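Thank you all for coming; I would like to take a few minutes to walk through one structure with you. Please have a look at it first, and then I will go through what can be said about it.

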Amino acid sequence: MATADPEENTLFRWAEDLPLALWDDLRGRDPLAAAAACGARWDGACFVLPLLGRDYCVEPAAMKLTSVEAPERRVGYQVALILVKTLAFSTGASPSGQMVTPRELVGGELFFNGPHAVNTPALEQRFGADGQGLIARALAMGGQSIDGADVAVRLPGLPMLPLWVLLWLADDEFPARAVVGVDSRAAQHLPLDGVWALTNLLIHRLTTGGGNG
C-alpha cells in the first residue's frame, strides 16, 4: 500500500477547512480547563500544544492555527482536527501507559476498518528491512527506542496521548509486520476519528519525513 498523505483529500485539506462547529465547541469551553486537560499552555489568546514533537498555536477567536517553528507553513486539516478536538473534548485523564491497538478502543473494532484501517502496510514497506531507519525517524520526532518486537518505539503523539510502533522485520520466512499502538485512555482525549487522524499523521511523518503542517 502506498503511503497516504494525510492531506490528500482536496475537500478537507487545510486548517481553514475545519467545520465551524468544532471551533464553537472549543470556544464554549473554559480555556484554562481546556489547557489543563490536554497539557497545553494558554496565554490569553493562543493555546500552545505539541503534536508529534512540533508545537502549534491554536487561536480560538481567530479560528487560526500556526506552527510555532514555521509560522509561514500552512497547517493541514488533520493536524487542525486533532488539535482542536483534543482541546475541546479532552477529559484530562492521565495516560495509563498501557498500549492497545486502535481497534481495542471502545467502538474501534467497527470504526478502524476499510477506509479507516490504520495504514500499517506503509510502515512495513518503508521499514521492513530498515529497523534502524524507524528508530532514527522516531528519535527525530522526539520519540525513544524501547524493548519490544524486533524494533519498537514510543512517540509523544499529544502530551496526554503517547503512541507506539512495533515492527517485526522481514526475513526469509515471513514478511514484515507493523503494529501501531495508542494509550488505552486515548478515547478520553480524542474521538475515534481524531485517533485515526493521529495515526495517519504519525505514519506519514515516519515514512516520509513529511510536513503536513
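This is a predicted model: local features need pLDDT of at least 70, side-chain atom pairs count only at pLDDT 80 or more; totals for chains, interfaces and linings use all residues.

On charge, the protein chain carries 16 positive and 24 negative side chains, and the centres of these two sets lie 5 Å apart.

Turning to the overall form, the protein chain contains seven helices and nine strands, and its C-alpha trace spans about 55 × 35 × 30 Å along the principal axes. What radius of gyration does the protein chain have, beside that of a compact globule? With 213 residues, such a globule would come out near 17 Å, and the protein chain has 17 Å, which agrees. Buried residues account for 49% of the 213, and the accessible surface comes to about 9,800 Å², with 53% of that belonging to carbon and sulfur atoms.

Let me now move to one part of the chain, around strand E2, residues 47-51. Four of the five residues in E2 are buried, so this strand is largely enclosed by the rest of the structure. E2 pairs in the antiparallel sense with strand E1, residues 41-42, over two bridges, and Trp42 has Phe47 as its bridge partner. In this hairpin four residues sit between the strands, and Gly44 takes a positive phi near 105 degrees.

E2 also runs antiparallel to strand E3, residues 54-59, with five bridges joining them, and here Phe47 is partnered by Val58. Two residues lie between E2 and E3 in their hairpin, where Leu52 in the turn has a positive phi of about 50 degrees.

Note on methods:
Residues are numbered from 1 along each chain as its sequence is written. Side-chain values use heavy atoms; hydrogens and water are left out. The radius of gyration is taken over C-alpha atoms; the globule rule is 2.2 Å times the number of residues to the power 0.38. Buried means under 20% relative accessible area, exposed over 50%, partly exposed in between (1.4 Å probe, protein chains only). Accessible areas come from the Shrake-Rupley method with a 1.4 Å probe; for residues, only the protein chains shown count as cover. Lys and Arg count as positive and Asp and Glu as negative; His and the chain ends are not counted. The place of a charge is taken as NZ of Lys, CZ of Arg, CG of Asp or CD of Glu. Two strands pair if DSSP finds at least two bridges between them.
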